[in-house]
Amino acid sequence: MLAVAEGNTHAVGLGEIKLSRDPQDMLVAYGLGSCVAVAMYDPFTRAAGLLHAVLPERIKDAEVTSAKYVDSGVAQLLAELERLGANRGRLVVRMVGGANMLSLKDAKQALNIGERNVAAARVALTSLRLRINGEDVGGTKGRTVRLFVADGRMTVRVLGSETRDL
Amino acid sequence: MTLTLTFDDHLHDLLKILAAEGIRSAADGLSSMVGARITVNEPRLRLVPLATIASLVGGPETEAVGIYLQATGGVVGQFMLVMPYEKALELVDLLMEQPTGTTTQLGTLERSALAEVGNLSASFFLNALARRTKLDARPTPPAVMVDMVGAILDIVAAVAGGVGEHVLLMEGQFLRDEREVEVTFWVIPDPSALAAFAE
């Protein structure tokens, strides 16, 4: 694993987007449950971006650029990356998360937010003509996802399992 | 949401009384469940931003146990009891009158004991609220989650509608004889419910 200094580790909190072109950097979204993280990476310019969205669809009073919602967040992530010099045609797009943290009998409480977040990400990415190059979604386990700016490598960690590459 | 605006000294004092009453009744419920005297000390009450919760429980990747319920009826809100995994094991030992360290993993029995703690805490708490506010409030069945804190809290963020929100945090210790286990209750009241309390 690449060694990343603490100062180069950038946590992407709920409802946030973080971008970087610094090869020393690593973007990380800790403990994704029903939330969805969408990562975009341009291998040529080494422009990397990570979105950590909470809910599938933007409500009408929310800002159109809000990263809290999957639909507006995905569009905003692409827009910000393009401003940073990324080329849409080269982007490697991956998504992680959208677990159902509550068991089936509690599904009503959960409102299937995880599943809806994943579905919303597929719709948003398709409408932006972006192909999904890798994904680790659904299930019932929380995940931590890391994106290394140097080479675009992405890892997924689940409690009790080995960290693996996506 | 105008939760921060409505959370004034008056409301804080009122909620503090409600919290103390609610937690005391929850301890009574637990006592009858385990057939031994369990008490809870005076809870501390704070209003904290939702985004800071994970760091208070040891960071978003910390393995934790969350017991989650929603309140339905006249009082709408969410109720989350969250503790680090080790604390949950300790609490099971305390409830089952076993030496600390006896429980090493959470099987079906241990999980249902914890679910019952959540259920009792929430029910008694909501009953105390209902008595004061004359609003009826019922908890949904509890869900027990064992995972990273961040993942457990996603449901709270999603149902609360976002992350700019504040939650009401109550911290207290369950005591049985000379043993104690620190637990944290998170109550995430709907703003309309807060308005009702303030009246």
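**A tour of chains A and B**

Begin by selecting chain B, which has 7 helices and 8 strands (helices, H or I, of at least four residues and strands, E, of at least two are DSSP runs, numbered from the N terminus). This is a predicted model, in which local features need pLDDT of at least 70 and side-chain atom pairs count only at pLDDT 80 or more, while totals for chains, interfaces and linings use all residues. Residues are numbered from 1 along each chain as its sequence is written, chains are lettered from A, and ligands are numbered from 1, in the order in which they are written.

Next, show both chains: 21 residues of chain B are in contact with 24 residues of chain A (contact means C-beta atoms, placed from the backbone, within 7 Å). On the side of chain B that touches chain A, strand S3 (63-73), strand S6 (143-148) and helix H6 (149-160) of chain B each supply at least two residues, and the largest share, 8 residues, comes from H6(B).

Now move to chain A and select its open sheet, where 5 strands run in the order S1-S3-S8-S9-S10 with mixed pairing (two strands pair if DSSP finds at least two bridges between them). Strand S1 (9-11) and strand S10 (164-165) of chain A stand at the edges, each with a single partner strand, so one side of each is left without a neighbour in the sheet. Within the sheet, S8 (residues 143-148) and S9 (residues 154-157) of chain A pair in the antiparallel sense over 4 bridges, and Leu147(A) stands opposite Met154(A) in S9(A).

Finally, select Ala37(A), which touches residues including Leu50(A), Met95(A) and Val145(A), not counting residues up to four places away in sequence.

Note on methods. Contact = placed C-beta atoms within 7 Å.
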